[in-house]
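Subject: Structure handover

Hello,

Here is the structure I promised to pass on. Please load it before reading further; my notes come after it.

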Amino acid sequence: MSRATTIKSRSPQVLLALCLLILCPLRADAHLNSTGLGPFYDGMAHFALSPEDMVTALALALLAGLRGAAYGRRAMFVLPAAWLLSGFIGLAAAPSGGRALTAISLLLSGALVAADARMSLRAITALSALLGFLHGYLNGAAMGQPGVGAVALLGLVSAVFVLVTLAAAFVARLRRPLTRIAVRVVGSWIAASGLLMLGWSMRGG
Amino acid sequence: MKTTQQRIFARVAALLFTAAFLAQPTYAHVEEGAAAGFVTGLRHPVSGLDHVLAMIAVGLWGAQMGAPAVLLLPVTFPMMMAMGAMLNLLGVPIPGTEIGIAASAILLGAAVMSEMRPRLAVAAVLIAFFAIFHGHAHGSESPDGQSGLLYSMGFIVATGCLHGVGISIGLIHRWTWGQRLLRLAGGGVAVAGALFMWRAFA
């Protein structure tokens, strides 16, 4: 057996060992605050734990992915850029609620996915910018602290970029009608969640 | 036949999926009860047989009717269910919620049993009407101290999954024996609905 074949045959075992390591995470005390990376990961975690932000970004990615790769690429850059820009503006602003607006953005983006809206590239760009500006501003205003907040915002926007890229790419390559229907059904769930979020915000709960 | 790469990918995916279940808590937010809210919402539709049977019947009916009903019904239902829950959140009462849910099981079961094929708009309106009762019931049992949004997302996802179960079972409609079995299942749902109705009045 050649050396190359041996290495190749061992690669599953190496992967298995690496994955087993992932299964045993320990608390990382790597002084992230002193390196400045703590807030970066906080920003990523903030996004992952804020369903109203994450699901809206997901909905936009699904919508762009349904339209095709060019639309996905546009959303992939415009949404995070707008999010970051308005986030920096928001850092200087006072914290504001905006829960109803977030709910409307969730409802709108989900409804567009459910309807498989045939939007132009320009419309997708405008929608990406609009959603990015809204959510970025609210995130920035909520973070408050300009120094640490800016790093957190970078982490958050990186997470937005990764999510939109992966989700849009995944959907853009779907060709079978049934899989596209499944994406539209997910859109209806998102819209329904937006409607309920609106209800919660009107109730004040 | 699977290639080595595909096999490795499948193993890695399975391991990462397992790792996700062993995740450590992240302390980025101090919100309490967020995850619990989602799980409570996820459990709610499957905790009552009336909801479960009606949701599966929606999927079965959609599968029997084929495209585009198989898309329209599962899309209409969550939207209108959310509307029903929202009415509840806003304090708008809907009388006879339990009766409406039982009636949904009877009528949807009967529709599956008879392989009823009404016009698409009629089917959508029927589904939308019953979805409001189911949504109102879910909204009325929202837990205190948990995230309302995640509770809502949980019950929407669970409802959608039940529709998916119904549609998956409904795929047997392509065979003659499958069509008979589906009609039988529809009859079962209708009978169970009648029992729920009796209980609602008792």
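Below is what I found, starting with one chain and ending with a single residue.

Note that this is a predicted model. All values are computed from it.

**Chain B overall**

Chain B has eight helices and zero strands. Along the sequence, the pattern reads α-α-α-α-α-α-α-α. The chain runs to 202 residues, and 48% of them count as buried. I also looked at contacts in chain B between residues at least 6 apart in sequence. Of these, 87% join residues at least 24 apart.

**Helix α8 of chain B**

This helix covers residues 176-201, which is 26 residues. From first C-alpha to last, α8(B) reaches 38 Å. That is close to the 38 Å expected at 1.5 Å a residue.

Its buried residues include four glycines: Gly178(B), Gly186(B), Gly187(B) and Gly193(B). Ala190(B) and Ala192(B) are on the list too.

What do the buried residues of α8(B) pack against? The partners are α3 (49-65), α5 (97-113) and α7 (148-170), each in chain B.

**The interface of chain B and chain A**

Here 35 residues of chain B are in contact with 34 residues of chain A. The area buried between the two chains is about 3100 Å². Carbon and sulfur atoms give 84% of that area. Three helices of chain B, α1 (4-21), α4 (69-89) and α7, each supply at least two residues of the side that touches chain A. The residues on that side of chain B divide into 26 nonpolar, eight polar and one charged.

How many salt bridges cross between chain B and chain A? The rule finds zero. For polar contacts, the count is one residue pair, with both residues at pLDDT 80 or more.

**One residue in chain A**

Ser128(A) sits in helix α7 of chain A, residues 121-143. Is Ser128(A) buried or exposed? Its relative accessible area is 0%, so Ser128(A) is buried; the cut-off for buried is under 20%.

Best regards

Terms used. Residues numbered from 1 in each chain as written. Chains lettered and ligands numbered in written order. Predicted model: local features only at pLDDT ≥ 70, side-chain atom pairs only at ≥ 80, totals over all residues. Heavy atoms only, no water. Buried < 20%, exposed > 50% of the residue type's maximum accessible area, 1.4 Å probe, protein only. Expected span 1.5 Å × (residues − 1). Contact = heavy atoms within 4.5 Å. Buried area = accessible area lost by both parts, 1.4 Å probe. Salt bridge = Lys/Arg side-chain N within 4 Å of Asp/Glu carboxyl O. Polar contact = N/O pair within 3.5 Å; in protein donor to acceptor, adjacent residues only side chain to side chain. Nonpolar A, V, L, I, M, F, W, Y, C, P; charged D, E, K, R; others polar.
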